[in-house]
Amino acid sequence: MSRLSVWALIFFLGSVLVYGVAEWRSSLTEQTDAIDSELIPDFIAEALKSDIYDVSGKLSHKIDAQRMEHYASLEFTHFEFPNYTLYPKNESAPWKVSANEATLYNNNRVMLENRVRLLATAPQSLVKEIHCKYLELDLNTNIISSDQTVVIKGKDFTMHGSGLIIDLNTKQMTLTEHVQTIYEKSSR
């Protein structure tokens, strides 16, 4: 083989190697760009206020949030400092739920996290407020659940436990594990 043939072969192999490396690097960049584009919200709302009605035209719930980010391709909406007002189907007083963060999925399930607080607005309610780190809310059924530690405050008592299921329509509450109840002497 002549020198010219050897140099041509080396040049050809070098060209193929450079082309292969360039294609490999560009394919990595395209994958990264695709992943990054999914993490960019489709739209953002600041100081969100929204009223949601059911199919019969009755107010179902309200949402106020400092910030909302909607991700259509990932099928969820993220809220910062959301405040939900829930209106049960039995037309009793509304309940208020707040947290530092919430994620609403397309099936109308909301996952509330970090400093979650549930307040009863009815003056005659036995349970006044509930505190926990995590809470799931089904906006279709008005059922609230948590498998975390909860603190339930009521008129003249504070209850500690874990695991909670509340049906706002029937006003039934189930505490999976009761740890302690502290009764306070009434000031009347």
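Me: Which side chain is joined to that of Thr-77 by a polar contact of 2.8 Å?

Reply: The model is predicted: local features need pLDDT of at least 70, side-chain atom pairs count only at pLDDT 80 or more, and totals for chains, interfaces and linings use all residues. Residues are numbered from 1 along each chain as its sequence is written, and side-chain values use heavy atoms, with hydrogens and water left out. A polar contact is a pair of N or O atoms within 3.5 Å; within protein, one must be able to donate a hydrogen and the other to accept it, and residues adjacent in sequence count only if both atoms are side-chain atoms. The partner of Thr-77 at 2.8 Å is His-70.

Me: Is Thr-77 buried or exposed?

Reply: Buried means under 20% relative accessible area, exposed over 50%, and partly exposed in between (1.4 Å probe, protein chains only). Thr-77 has a relative accessible area of 9%, so this residue is buried.

Me: Which strand holds His-78?

Reply: Strands (E, at least two residues) are DSSP runs, numbered from the N terminus, as are helices (H or I, at least four). Residues 76-80 form the strand that includes His-78, namely β3.

Me: Which side chain makes a polar contact with that of His-78?

Reply: His-78 is itself buried, with a relative accessible area of 17%. Its side chain is joined by a polar contact of 3.3 Å to that of Glu-101.

Me: Is Val-16 buried, partly exposed or exposed?

Reply: Val-16 lies in helix α1, residues 3-38. Its relative accessibility is 44%, and therefore Val-16 counts as partly exposed.
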